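Hello,

Here is the structure I promised to hand over. Please open it alongside this email, and my notes on what turned up follow below.

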Amino acid sequence: MSKWNGSLRFVPRRSGRMEAAVIEVEIKLLIDHKEIVEENLVKMGFSKSGLACEEDIYFDNNSRQIRKSGEALRVRKVTDLLSGKSNAAITYKGRKMDSISMSRKELETGVADAEVCVRILEALGFQIIPPKVVKIRQTYTFEQMTACIDRVQDLGDFLELEIVIPEEESKDNALRKIEKVLQKLGYSLSDTTRNSYLSMLQHAEDEA
């Protein structure tokens with residue numbers, strides 16, 4: 001079910017990815033009843049397109065400049081829960097592009113072995129930012145949009161809606177499409193969060 005699409009990102013839910021820098025237009029929100037959300041997505045025309053376990057390790061440099069600047073460096077291992085096959089990728093995420101969504105420029109390419117990639121980054125002086133982010137991701141697709149139902153370890157259930165566009169396209173149009181789907185599901189942009197799963201987990205650990 002999972003497969004490589006182009007040279008930039010490992011996306012188990014999408015085909016025809018352009019081999020160039022892309023912008024990921026995305027929103028995220030906590031949900032209470034994921035089964036109801038999934039039922040409504042299917043009623044709207046979305047279809048299941050993948051079920052995977054994703055394990056994310058984030059990095060920063062010695063001066064902590066990557067996170068301070070609002071960027072991210074990540075190694076992700078993806079295990080397809082239907083076939084048992086695994087793939088991995090290294091990803092750079094740019095700064096968030098607005099104050100509403102989690103839209104960012106993104107560069108991603110596949111690596112043969114996630115653990116070796118982690119060791120290479122550590123050898124180059126990059127430091128792991130704990131904790132590891134582990135989630136079970138059920139993906140749905142409809143036209144250009146991807147919906148992800150994430151069960152994040154130690155956090156709960158979340159919905160992500162995403163459209164990936166080439167740099168030259170308008171992200172505002174993509175965000176409007178996402179907002180319409182969000183409203184049909186009974187939510188609004190005010191229900192969303194711009195915090196990453198990593199930041200949420202760190203905040204939960206600080207409060208523990």
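In this predicted model, E9 (145-152) and E10 (156-166) pair in the antiparallel sense over 8 bridges. Two strands count as paired if DSSP finds at least two bridges between them.

Contact means heavy atoms within 4.5 Å.

A word on how to read the numbers: residues are numbered from 1 along each chain as its sequence is written, and side-chain values use heavy atoms, with hydrogens and water left out. Because this is a predicted model, local features need pLDDT of at least 70 and side-chain atom pairs count only at pLDDT 80 or more, while totals for chains, interfaces and linings use all residues.

E4 and E8 pair over 12 bridges, in the antiparallel sense, and Asp 60 has Gln 127 of E8 as its bridge partner. E8 and E9 are antiparallel too, with 8 bridges; there, Lys 135 is partnered by Val 152 in E9.

Most residues other than glycine have a negative phi, and most peptide bonds are trans. A cis peptide bond joins Pro 130 and Pro 131, with omega about 0 degrees, and Pro 131 lies in strand E8. The hairpin of E8 and E9 has 2 residues between the strands, and in it Glu 143 takes a positive phi near 55 degrees. Glu 143 counts as exposed, at 72% relative accessibility. Here buried means under 20% relative accessible area, exposed over 50%, and partly exposed in between (1.4 Å probe, protein chains only). In the loop between E9 and E10, Asp 154 has a positive phi of about 75 degrees although it is not a glycine. Asp 154 is exposed as well, with a relative accessible area of 68%.

Back to H1: its buried residues are Lys 34, Val 37, Glu 38 and Leu 41. They cover an arc of only 100 degrees around the axis, which puts them on the same side of H1. The arc is that of the directions from the helix axis to the C-beta atoms. These buried residues pack against E8, E9 and E10. After H1 comes Gly 45, whose phi is positive, near 110 degrees.

Helix H4 (residues 171-184) has 14 residues and reaches 20 Å from its first C-alpha to its last, close to the 20 Å expected at 1.5 Å a residue. That expected span is 1.5 Å times one less than the number of residues. Which residues of H4 are buried? They are Lys 171, Ala 174, Leu 175, Ile 178, Val 181 and Leu 182. Seen down the axis of H4, they fall within an arc of 120 degrees, so they line one face of the helix. They pack against strand E3 (22-30), E9 and E10, whereas Lys 180 and Lys 184 are exposed on the other side of H4. Just after H4, Gly 186 takes a positive phi of about 95 degrees.

Finally, Met 97 lies in the loop between strand E6 (86-93) and strand E7 (104-111). Met 97 is partly exposed, with a relative accessible area of 39%. Leaving aside residues up to four places away in sequence, Met 97 touches Ile 23, Ser 103, Arg 104, Lys 105 and Lys 171.

Best wishes

Key: Helices (H or I, at least four residues) and strands (E, at least two) are DSSP runs, numbered from the N terminus.
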